[in-house]
Amino acid sequence: MVEEEKLKVSVEDLEEDDPQKESGVSIGRALYWFKLLVSEMHWSFVFGVVIVYGISQGLGGALNRVSTKYYMKDVQKVQPSEAQVYSGITSIPWMVKPVWGLLTDLVPILGYHRRPYFVFAGLLGVISLLSLALHEKLHLLLAILLLTAGSASVAIADVTIDACVAQNSNIHPTLAADLQSLCALSSSVGALLGFSISGILVHLIGSKGVYGLLAIPGGLVFLVGILLNEPHMPDFNYRQVNEKFVGAGKAMWTTLKIPNVWRPCLYMYLSLALCLDINEGLFYWYTDSKNGPKFSQENVGFIFSIGSVGSLLGALLYQYVFKDHQFRDLLFWTQLIFSLSGMLDFLLVLRLNLKFGIPDYFFIVIDESVHQLVNRLKWMPLLVLSSKLCPRGIEGTFFALLMSIDNVGLLSASWGGGFLLHILKVTRTKFANLWLAILIRNLLRLIPLFMLFLVPRGDPNSSILLTELPSSEVDNETSEEADNIELVSLVNGMNIDNQKEVF
């Protein structure tokens, strides 16, 4: 506690500096803050946060997104509708995050709860990505399997570091917000850097070469498992595992049957599923040499990097302007603007921007920035609402379940978008009906406006779930171990103040 008070006082002293001083003061302040976190926490934990959030998810996630688009288009040569479906398949490991969370929390390996899962995640990532990079003529099904395995490696590492952050937040409650800032900063900087260099790397070494480089983050995650400071817990009674899993499952099912829970869950699923994802069709058109603007790999990477800035601005806008607004009001306007903003794609595909004298590159930068900003504003209240639906005792695992429901919604949107592209015969070289796919997508985005009655009228400062589970529904030991596993990083980087409420 003494060290925590020192940290608090030191940071406050630093914040009293004149903001007009040269940038070197700000950099020094950030380094001092980081050094204080390292001195308070074990250095291996801070190293793990930076590696998993910054390198694996941020930098690696950005590189993987761009390289996979070109891998499917140029190496596997699949149709855009097929690429849309395959993209959904590779995201399946993120839908079972509650399972990963329960495993790392309830099933230690060789006396450790966290280290073996980091080691496994790192090995899985290295093997899968090196296989993609080194195999000359990889069958499509095997490529999808390896991409899914790579996605699983990131998901497992994500869940495991979530647990570590949650534990340290409980041990050092005064530093919980600082930990969230560290997570958010690592992820944001990593993603921005990754998107900035992604196009250049794809151009220089190809998508398969980028997969080879992505084995490095996997190796670093493996290193986290080796170096992480974690107490050893021998003589674990594995006979209790099945009982704990069953108890957690019953508790979550009991909670889902509460009307104040299943109604918002239904809205969250439908609001995501009805926003059809046709991004693969747009990507094929963006890079087409005859019908589209023919953007280079470097241009595509830069466009995505600008989009990540728009997403960050959306989070800041929510934080400082909209965070106290009622859920229904904010969701209504963000959903409406989200639908209207989709018309920018419509104007671009019909090349109406050229009639107004706006170049394609400039117009799509605006389009991507607005899309990411509005999408983040739409996503933020859903995250906060999810945190309000979690009952005491199983907050972490239940929040992971809610995020899994959202991921199923995203999968439905991806597959629905792929089906729409297939029906409208949008292929690798034919884009005549792409404008119609965009129009249908935008109209479907309006449907959630008529389902807002499923969302409670409260705001982020009100209590929504007043019903608590009976103590008999959740085993006390399971409750203590599973508490807040997933809640930390899923809201991380999006709303620091709301995260404080959770803890």
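Q: Which helix gives the largest share of the nonpolar patch?
A: A quick note before we start: this is a predicted model, where local features need pLDDT of at least 70, side-chain atom pairs count only at pLDDT 80 or more, and totals for chains, interfaces and linings use all residues. Residues are numbered from 1 along each chain as its sequence is written, and side-chain values use heavy atoms, with hydrogens and water left out. Helices here are DSSP runs (H or I, at least four residues), numbered from the N terminus. Seven residues of the patch, the largest share, come from residues 297-322, which is helix α13.

Q: Is Leu312 buried, partly exposed or exposed?
A: Leu312 sits in helix α13. Buried means under 20% relative accessible area, exposed means over 50%, and partly exposed is in between (1.4 Å probe, protein chains only). Leu312 has 39% relative accessibility, so it counts as partly exposed.

Q: Is Asp360 buried or exposed?
A: Look for Asp360 in helix α17, residues 360-388. Its relative accessibility is 12%, so Asp360 counts as buried.

Q: With which side chain does the side chain of Asp360 make a polar contact?
A: A polar contact is a pair of N or O atoms within 3.5 Å; within protein, one must be able to donate a hydrogen and the other to accept it, and residues adjacent in sequence count only if both atoms are side-chain atoms. For the side chain of Asp360, the distance is 2.9 Å, and the partner is the side chain of Asn353.

Q: What is the phi of Arg351?
A: Arg351 is in the loop between α15 (343-349) and α16 (352-355). Although Arg351 is not a glycine, its phi is positive, at about 60 degrees.

Conventions. Helix = DSSP H or I, 4+ residues; strand = E, 2+ residues; numbered from the N terminus.
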